[in-house]
Amino acid sequence: MDYVLSTIGLSKYYRNSKVIDNLTMNVPKGAIYGFVGKNGAGKTTLIRLICGLQEPSTGQYTLYGKKHTDQDIRTARRRMGAVIESPAIYLNMTAEENLKVQYNILGLPSFDGIEDLLTLVGLEQTGKKKAKHFSLGMRQRLGIAIALCGDPDFLVLDEPINGLDPKGIIEMRELILKLNREQQITILISSHILDELSRIATHYGFIDRGRILKEISAADLEATFRRCIRITVSNMGALTRVLDELQLEYTVLSEQMADIFGQVQLTDLVLKLAAQHCDVNSIHEREESLENFYLNMIGGAEHE
């Protein structure tokens, strides 16, 4: 398989803290690669490393086959665009003016393509409106337009939907899919909003405490999902006691909700809960979610 990005035994230390720990991952060309991990797992640090903003402590990575220690790694890195943590935009400038600044920074010979970029990200009608008056979603899309200056074919997005309202999330999802399917851009997305990520990702890398726990395609992941019973109850403590007694596997989702895996005798379960003065408010069958899959994985990792 052709990989845009590969890391081998990559590590990053800060004094006595190991943020990236012997990390190995591969991003296939043409993928939307969901980089999944909770806050502090090492996602942003990895992104800063591959963008050349920091140097690894040990290990290596390659971009388009070029090692990060090669003198011509800058040539490969020019094929990348990135939005890290928050969009790097000038708030007192219009969208068009922001793109012109980036064109000048990159040394591009003319401003040809700016109008097409604004149309691509849905900002063609903003005119003289300053970026400080943009919604958060508009600023995120402007950040992506800036990252697309220079026509990269690898785009790195760090938490692109964080803080967006439902309309902004939909617009961002549609833009990412358009860039991947129509512009043939490989996209690496770090996120902890797993429900939304599951709608667009073609591949996943699960990270915890600086290590990749698993890499898997979306198709293979869906094939591994198990069926479960989702139950809401009045007393989660009673539910967990009964499930432990029945030796059933489960994941607690909230103070009232849990998913139960395996063969469940519902009548027996409800009677045991009633004996503990626990009401069953709802119960239905569903498939395991990406979130459950990840929680079960890191739960296992924490006990290694």
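**Close-up views of a predicted model**

**View 1. Helix 5 is mostly covered, with eleven of its 13 residues buried.** Buried here means under 20% relative accessible area, exposed means over 50%, and partly exposed lies in between (1.4 Å probe, protein chains only). This is a predicted model, in which local features need pLDDT of at least 70 and side-chain atom pairs count only at pLDDT 80 or more, while totals for chains, interfaces and linings use all residues. Residues are numbered from 1 along each chain as its sequence is written, and side-chain values use heavy atoms, with hydrogens and water left out. Among the buried residues of helix 5 you will find Gly137, Met138, Leu142, Gly143 and Ile146. Their cover includes strand 6 (80-83), helix 3 (95-106), helix 4 (114-120), strand 7 (154-158) and helix 6. Helices (H or I, at least four residues) and strands (E, at least two) are DSSP runs, numbered from the N terminus.

**View 2. Helix 5 can be followed from end to end.** From its first C-alpha to its last, helix 5 reaches 18 Å, close to the 18 Å expected for its 13 residues at 1.5 Å a residue. The expected span is 1.5 Å times one less than the number of residues. Just after helix 5 comes glycine 150, with a positive phi of about 90°.

**View 3. Helix 5 (residues 136-148) meets helix 6 (residues 166-181), their axes coming within 11 Å and crossing at roughly 20°.** Axes are lines fitted to C-alpha atoms, for helices over the stretch in contact, and angles run from 0 to 180 degrees between N-to-C directions. Helix 5 and helix 6 are therefore roughly parallel to each other. Angles under 35 degrees count as roughly parallel, over 145 as roughly antiparallel, 65 to 115 as roughly perpendicular and the rest as oblique. Gln140, Arg141, Ile144 and Leu148 of helix 5 make the contact with Glu171, Met172, Leu175 and Leu179 of helix 6; contact means heavy atoms within 4.5 Å. These residues divide into five nonpolar, one polar and two charged. Ala, Val, Leu, Ile, Met, Phe, Trp, Tyr, Cys and Pro count as nonpolar, Asp, Glu, Lys and Arg as charged, and the others, Gly among them, as polar.

**View 4. Helix 9 (residues 236-245) packs with helix 10 (residues 266-275) at an angle of about 130°, with axes 10 Å apart.** That angle makes helix 9 oblique to helix 10. On the helix 9 side, look for Ala238, Leu239, Val242, Leu243 and Glu245, and on the helix 10 side for Leu269, Lys272 and Leu273. By class, this contact has six nonpolar, no polar and two charged residues.

**View 5. Leucine 10 sits in strand 1 (residues 3-14).** Leucine 10 is buried, at a relative accessible area of 0%. Not counting residues up to four places away in sequence, leucine 10 touches several residues, including Ile20, Leu23, Leu46, Pro56 and Tyr61. Between the C-alpha atoms of leucine 10 and threonine 240 there are 40 Å, and 230 residues along the chain.
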